[in-house]
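This briefing covers one protein chain, grouped by topic. The sequence and the model come first, and the points follow.

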Amino acid sequence: MKCEYCDNPVPNGVTRCPSCGAAVNFQAYGEAPTSPVSPVSSQASGMAFVQPRSENQSRSRIVYILLGVFFGILGIHNFYAGRTYRGLWQLLITLFTGWFLLPLLAVWVWSIVDICVISTDGDGTKFK
Ligand SMILES: [Zn+2]
């Protein structure tokens, strides 16, 4: 590389130009920007998870409610309904904070609210 003040060659690793004594700014000579990762491959893999579901495979609301009442703090009813991330949150909150009573109660109330509010599964298919 060259000194940006006197244009004399500067060896790598030094902080001052040996010819003129100016501080050498290595950042100005930073490596070329790395080419951005193509988003095409990640999009293609995401499509593999989308699976069509026919109408007669819709989940039962009764089962959803029963699972929510008895296993709601573990998020089981949301796993059943295909709302995996929501169920995972409830499961993790219970596992990591369930030692205290209040978070446990909060997740249980959350699952009861789920039961009352949600009438479709994660794909938007209505419960039977
Ligand atoms: Zn110089």
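L95 sits in helix α4 (residues 84-97); helices (H or I, at least four residues) and strands (E, at least two) are DSSP runs, numbered from the N terminus. This is a predicted model, in which local features need pLDDT of at least 70 and side-chain atom pairs count only at pLDDT 80 or more, while totals for chains, interfaces and linings use all residues. Residue numbers start from 1 along each chain as its sequence is written.

**L95**
- L95 is exposed because 11 other C-beta atoms lie within 10 Å; a residue is exposed with 12 or fewer such atoms, buried with 20 or more and partly exposed in between, with C-beta atoms placed from the backbone.
- Between L95 and L74 the C-alpha to C-alpha distance is 8.1 Å, and the two are 21 residues apart in sequence.

**Packing of α4 and α5**
- The axes of α4 and α5 cross at roughly 160° and come within 9 Å; axes are lines fitted to C-alpha atoms, for helices over the stretch in contact, and angles run from 0 to 180 degrees between N-to-C directions.
- That angle makes α4 roughly antiparallel to α5, a term for angles over 145 degrees.
- On the α4 side, Q90, I93, T94 and T97 meet P103, L104, V107, W110 and S111 of α5; two residues are in contact if their C-beta atoms, placed from the backbone, lie within 7 Å.

**Helix α2**
- Y64, L67 and G68 are buried in helix α2 (residues 61-71).
- Seen down the axis of α2, the buried residues fall within an arc of 100°, so they line one face of the helix; the arc is that of the directions from the helix axis to the C-beta atoms.
- I62 and F70, on the other side of α2, are exposed.
- The cover over the buried residues of α2 includes α3 (76-80) and α5 (101-117).

**Whole chain**
- The protein chain has 5 helices and 0 strands.
- Of its 128 residues, 16% count as buried.
- Among contacts with a separation of 6 or more, 35% join residues 24 or more positions apart.

**Confidence**
- Mean pLDDT (the predictor's confidence in each residue, from 0 to 100) is 78 for the protein chain, and 75% of its residues reach 70 or more.
- Over residues 28-35 the pLDDT is below 50, and this stretch has 2 contacts in the model beyond near neighbours in sequence.

Note on methods. Parallel < 35°, antiparallel > 145°, perpendicular 65-115°, else oblique.
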